[in-house]
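Hi,

Here is the structure I promised to pass on. Have a look at it first, and then read my notes below.

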Amino acid sequence: MPALPVRSANHEWLLKARRNFSNHLVTALSILSTIVVLVPLIAVLGYLIYKGASSLNWAFFTRVPVPVGETGGGMANSIVGSGIILAIASLMGIPVGIGAGVYLAEYGAGTWFGEGVRFTADVLNGVPSIVMGIAGYALIVANQKHFSALAGGVALAIMMVPTVARTTEEMLRTVPHAVREAAFGLGIAKWRTVLSISLRTAMPGIITGCMLAFARVAGETAPLLFTAFGNQFWSTNVNQPIAALPLQIYVYALSPYDEWHRLAWAGALVLIAMIMVSVTLVRIFASRGAIKGGHH
Amino acid sequence: MIEQDSIPLPQTQVPQTVVAEFVEDPAAVEPAAAPPSVIRNFLQAKSSGRVADGGFAGLMVLCALSIFVIVLLIIWVLVANSKLSIHAFGWKFFASQVWDPVSGDFGALPFIWGTVVSSLLAVAMAVPLALCVAIFLLEICPQFLRGPISFLTELLAAIPSVVYGLWGVFVLVPIMRDNVGPVLEKYLGWTGLFVEPNFGVGMFTASVILAIMIFPVISSISRDVMRVVPVSQREAALALGATRWEMIRISVLRNARIGIVGSVILGLGRALGETMAVTMVIGNHPDIVKNLFAPAYTLASVIANEFTEATGDLYLSALIEIGLALFLVTIVVNAIARILVWAVTRGDTARTA
């Protein structure tokens with residue numbers, strides 16, 4: 001038997017201590033970083049509630065902005081404007097996104113075209129939102145020669161398509177194949193199977209995905225800067241510049257007036273409340289989903 | 001009717017389902033079928049027909065194609081609208097430091113500098129934190145805390161950019177100016193990176209905001225990547241007597257490293273294109289200086305700030321060319337990141353949204 005280097009008890013002890021030390025160090029570090037990361041979240045939300053809640057009143061929801069110097073005024077036009085832009089975006093983005101998701105899961109799985117579409121959707125997801133703004137400007141505003149709610153809606157719709165497509169695809173993939181085969185076995189055509197069996201089964205998950213996409217674009221400002229443009233007055237015309245909550249927050253935050261800062265905080269609180277409510281609903285919805293854990 | 005039909009089913013069930021399972025043409029099944037059920041007749045009548053099937057498939061293909069169309073349309077629109085600037089300046093556009101709308105001379109170098117430096121700083125700050133949190137949530141965290149904490153870190157991603165900007169302007173900027181700035185200057189001032197005057201707005205504050213914003217991306221995707229490392233790998237390391245950290249290092253981090261790099265690049269891509277929050281706290285001044293307290297300007301924020309004020313076609317076209325550059329760079333960065341993440345998670349249905 002070859003002689004092994006003899007280790008002293010002392011050496012052994014040192015090695016063990018060092019290994020234990022690094023183990024505990026990493027544990028401590030990761031707990032510490034988790035706490036550090038939660039600080040900005042609590043700071044942002046805490047400030048929003050602290051600053052925003054004191055500025056929220058009835059007028060905020062019912063009145064349009066007033067000129068500098070006058071107190072009062074609200075963001076009623078921005079809330080309605082955001083609603084209109086988001087409705088346009090959802091009407092265009094969600095059906096196309098779901099269609100693309102259906103293609104990826106039910107028709108194009110494994111084909112090079114399907115892979116290409118999936119990859120492009122993922123990459124499109126990472127394109128900066130300001131680029132979507134330029135696209136909306138060049139496609140619609142530059143041709144019409146004026147800013148419009150429609151252009152803003154189109155810019156946001158483009159952002160929704162890849163997100164909705166990918167989540168729809170993932171949700172459809174959780175539908176067991178046996179369910180589809182059962183439908184085919186009954187002699188039901190493919191389109192009918194997709195509509196009434198696959199989509200129906202995956203519906204909770206798809207709604208979740210749509211709401212997440214909605215929440216994501218609801219707070220977007222950059223794509224609206226030179227499409228919807230903003231409006232100090234009441235307007236519901238989709239062919240005219242329209243106010244939007246994120247735009248108004250941006251303008252007010254950079255203004256030099258305390259009254260407007262107050263309104264910016266209130267607006268931010270309303271915006272975040274809308275987004276948080278939908279994200280939390282999604283969370284509850286998803287955890288209760290009938291299809292949870294049904295991979296393949 | 002219905003009762004009569006459904007009763008004989010059990011006797012004929014076994015041979016029929018075997019035949020019917022993979023036969024798509026309903027007519028082929030017909031002769032072997034037992035008395036057809038009302039439901040089945042109804043569904044056949046409504047759903048037979050190659051026209052509906054083909055039409056539906058075509059519609060879905062169209063939807064899928066629209067994703068390609070969107071990308072091509074964006075490229076075409078950006079190229080067509082920045083022609084003026086591309087012809088006027090050529091490649092020099094990306095090497096020139098001059099940004100002079102009055103005399104019509106444009107160069108994007110200060111914006112590239114601002115974008116690259118602020119994004120890299122943000123990544124440098126966010127990555128260690130994000131990896132630690134991912135490890136914590138996956139390997140260390142007690143089960144009952146895992147859900148709430150991962151929900152909270154995901155909430156960070158749900159806060160809109162403009163709200164981060166608002167918070168940055170009124171909360172972070174004063175803290176950076178009065179509390180963090182002096183400390184950094186005292187201990188790190190000798191590097192030349194942190195030199196007064198510090199107004200709070202500038203490259204460093206922008207990087208901090210960016211770090212907060214990209215943290216959830218890096219953390220959640222690296223967690224997805226680490227999760228697909230097989231349990232057997234972990235067990236093998238533990239069985240050899242590894243401590244928890246050694247197990248994480250040897251089996252989790254090593255196996256997932258390519259995907260982790262992918263998640264970091266994905267975070268970088270996010271940081272490169274981030275607009276509103278950065279525009280609100282970076283100071284918007286096109287200078288290339290070493291001092292991180294000094295105001296800077298990024299590609300995205302120059303577009304946000306000057307697009308609607310651009311007078312003259314060349315000015316607008318230069319801004320759109322900046323948008324084109326931003327688009328192409330983020331496309332390349334994201335493509336690389338996706339390939340890396342995909343290399344690790346393929347075969348698993350990990351969420352990569």
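A term to start with: pLDDT is the predictor's confidence in each residue, from 0 to 100. This is a predicted model, so local features need pLDDT of at least 70 and side-chain atom pairs count only at pLDDT 80 or more, while totals for chains, interfaces and linings use all residues. Residues are numbered from 1 along each chain as its sequence is written, and chains are lettered from A and ligands numbered from 1 in the order in which they are written.

For chain A the mean is 88, and 94% of the residues reach 70 or more. The complex gets an ipTM of 0.89 and a pTM of 0.85 from the predictor.

In chain A, pLDDT stays under 50 over residues 290–296. In chain B, it stays under 50 over residues 26–32, and also over residues 349–353. The model still has contacts beyond four places in sequence for these stretches: eleven for 290–296 of chain A, ten for 26–32 of chain B and 17 for 349–353 of chain B. (Two residues are in contact if their C-beta atoms, placed from the backbone, lie within 7 Å.)

Now for chain A as a whole. You'll find ten helices and zero strands there. (Helices, H or I with at least four residues, and strands, E with at least two, are DSSP runs numbered from the N terminus.) Its C-alpha atoms fill a box of roughly 95 × 65 × 35 Å along the principal axes. The radius of gyration of chain A is 26 Å, whereas a compact globule of 296 residues would have one near 19 Å. (That radius is taken over C-alpha atoms, and the globule rule is 2.2 Å times the number of residues to the power 0.38.) Of contacts in chain A between residues at least 6 apart in sequence, 73% join residues at least 24 apart.

About burial: a residue is buried if 20 or more other C-beta atoms, placed from the backbone, lie within 10 Å of its own, exposed if 12 or fewer, and partly exposed in between. By that count, 51% of the 296 residues of chain A are buried. Helix 6 of chain A is mostly covered, with 25 of its 25 residues buried. This helix also bends by about 25° at Met160(A), and Pro162(A), a proline, follows within four residues. (The bend is the angle between axes fitted to the seven residues ending at a residue and the seven starting there.)

Lys145(A) sits in the loop between helix 5 (129–144) and helix 6 of chain A, and it counts as exposed because it has 6 C-beta neighbours inside 10 Å. Asn284(B), also not a glycine, has a positive phi of about 50°. Asn284(B) has 19 C-beta neighbours inside 10 Å, so it counts as partly exposed.

Finally, how do the chains meet? In all, 83 residues of chain B are in contact with 84 residues of chain A. Helix 5 (residues 50–89) of chain B gives the most to chain B's side, with 18 residues.

Cheers
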